[in-house]
Amino acid sequence: MSLALTKRQFVGGVFISSDSVEPIINPATEAVLGEAPLGTLEDAESAIEAAHQSFRNGTWRRMNASARVAAMQRFYGYLDQRSGEICELIVAEAGATIGLARAAQWGLPMKHFRYQLAIALHDQTTMSAPEITPMPNGHLMLGTSAVHRDPVGVVSAITPYNYPFMLNLAKIVPALLMGNSVVLKPSPYTPFEALLLGEAAIAAGLPEGVLNIITGGIAVGERLTTDPRIALVTFTGSDNVGAAIMAQAAPTLKRVLLELGGKSAMIVRADADLDGAAGAGLGGFTSHCGQGCALLTRHIVHNSVRREYVAKLKAMAECVTVGDPNDPSTMMGPLIRETQRARVEHYVQTAVEAGARLVTGGRRPPNLSKGFFFEPTFFDNVDNASELAQDEVFGPVGAVIGYDSDEEAIALANDSRFGLSGAIFSADSGLAYEMAGEIRSGGVSINGGAGTMLSDAPFGGNGRSGYGRENGMEGLLEYTNSKSVSFHAE
């Protein structure tokens, strides 16, 4: 890997040295990938103040949209030139397979980046409907207002380990395009995919303090959610941490954008293409070793076809190659750390004790002595009220649940504290569309959906999956405040 793994944080437009560092582990080999800076509260203070001052002086926020877009195009160009190196880092740091790294963890966010560059050029100003008001002198006044979109201010962005490059860009790109200043804090497991963005900021010529990137643990994260100079917190991670962030942000009444966990349901009707459904179901718990918030981990299958579906899914799961994520033939890499593998093992054991039938998997691959690997695993005859069906495992474990009517399927899908994603497989696409309207989630795909994550479709959840939206015009406008400037015709 030729990409330099910096031991410095990025504050005020420059890289700064840290007094202490910590090793970053390659989850596939357990070898030390490099040493990353270990951020402190003093680093957080410096980054927040740099962002605050940059927003106050207004160099970036006062730029017209085309000038900001031009700068972010240079940012994009720097990353594009280093695509090969960055994909190698995604594999080494996050444990993604090389195919997933190139397609979803690199290609998809860069596609979204291009789309956001284009729509950020659109004038967001709208006009209110004019109103005629009687005046004391007997005349009629014609009045209206122009509704502007202003940047919110300083944004703190806190990102997880599963799709770090993608989620770093998903937060900083729209925030910066709308004129905000940003402090980005990545997961302690995957800091290098964030720190390299400082090099892109320098190459793009971003003003000092507009983008700051710091590392650190819980104390640093809490500073980024409580400091009154921060106007908005955008966080992707677990629902429990999201709830804590809401509480921390409440005293200063700052806005919070939360993209949290999921336990998304895939309904397989009796008339479904079972090969297509099983393929989607397999991806629902094996993609990135199950470490995805929107993955389809609950398979709600009509009892008349459930046995056949389970047989197809079993055959597919047992063909999944697990191992070296750098090998193009590998279909599933490791979990991020041993603690996460232990969590997966807990849920497997709990499901067995609850009476679910283990169909395949359920253990560490015997041929892999190093790395945090786990076999593709799924259960049949799962109770929808069980821990396996209700909790986000964040590992390669799926659950098959039977049903007998469409109404029951919808009720089971909605019987969850999460509401992020969902899917329906059926030969009757019109009926599937109607059913999708009854599912309480941020998104539903029908028979495989669009084939990609659409750049102009808002993404986000309901319930414990959080609130607010990323991507599309809605994602850009999340980082703005509306301001009405009223006037009348003379």
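Phe 75, Tyr 76 and Phe 113 form one aromatic cluster. The model is a predicted one, in which local features require pLDDT of at least 70 and side-chain atom pairs count only at pLDDT 80 or more, while totals for chains, interfaces and linings use all residues. Residues are numbered from 1 along each chain as its sequence is written, and side-chain values use heavy atoms, with hydrogens and water left out.

**Aromatic pairs.** The whole structure contains seven aromatic pairs. Rings of Phe, Tyr and Trp (its six-membered ring) pair if their centres lie within 6.5 Å; planes under 30 degrees apart count as stacked, over 60 as edge-to-face and the rest as tilted. Two of the pairs are tabulated here.

| Pair | Centre to centre | Angle between planes | Class |
|---|---|---|---|
| Phe 75 and Phe 113 | 6.3 Å | 50° | tilted |
| Tyr 161 and Tyr 189 | 5.7 Å | 55° | tilted |

The phenylalanine pair links distant parts of the chain, with Phe 75 in helix 2 (residues 65-81) and Phe 113 in helix 4 (residues 98-119), 38 residues apart. Helices (H or I, at least four residues) and strands (E, at least two) are DSSP runs, numbered from the N terminus. Both Phe 75 and Phe 113 are buried, where buried means under 20% relative accessible area, exposed over 50%, and partly exposed in between (1.4 Å probe, protein chains only).

The tyrosine pair links loops that are 28 residues apart: Tyr 161 lies between strand 8 (154-158) and helix 5 (164-177), and Tyr 189 between strand 9 (181-185) and helix 6 (192-204). Tyr 161 is buried, at 14% relative accessible area, whereas Tyr 189 is partly exposed, at 29%.

**Strand 14 and its neighbours.** Strand 14 (residues 296-302) is largely enclosed by the rest of the structure, because seven of its seven residues are buried. Strand 14 pairs with strand 13 (residues 264-268) in the parallel sense over five bridges; two strands pair if DSSP finds at least two bridges between them. The chain passes from strand 13 through helix 9 (residues 274-286) to strand 14, in a right-handed β-α-β crossover. Right-handed here means that, with the strands pointing away from the viewer, the path from the first strand over the helix to the second runs clockwise. Strand 14 also runs parallel to strand 17 (residues 397-403), to which five bridges join it. Val 301 of strand 14 is the bridge partner of Val 268, and the partner of Val 301 in strand 17 is Gly 402.

**Helix 14.** In helix 14 (residues 429-438), Ala 432, Met 435 and Ala 436 are buried. Viewed down the helix axis, the buried residues fall within an arc of 105° (taken from the directions from the axis to the C-beta atoms), so they line one face of helix 14. An α-helix has 3.6 residues a turn, so residues three or four places apart point the same way. Tyr 433, Glu 434 and Gly 437 are exposed on the other side of helix 14. The cover over the buried residues of helix 14 includes strand 13, helix 13 (406-414), strand 19 (422-425) and strand 20 (445-446), with contact meaning heavy atoms within 4.5 Å.

**Cysteines.** The structure holds zero disulfides, a disulfide being a pair of cysteine sulfur atoms within 2.5 Å. Cys 293 is in no disulfide, and the nearest cysteine sulfur, that of Cys 289, is 16 Å away. Cys 293 is buried, with a relative accessible area of 14%. The sulfur of Cys 319 is too far for a bond, because the closest cysteine sulfur, in Cys 289, is 17 Å from it. Cys 319 is exposed, at 56% relative accessible area.
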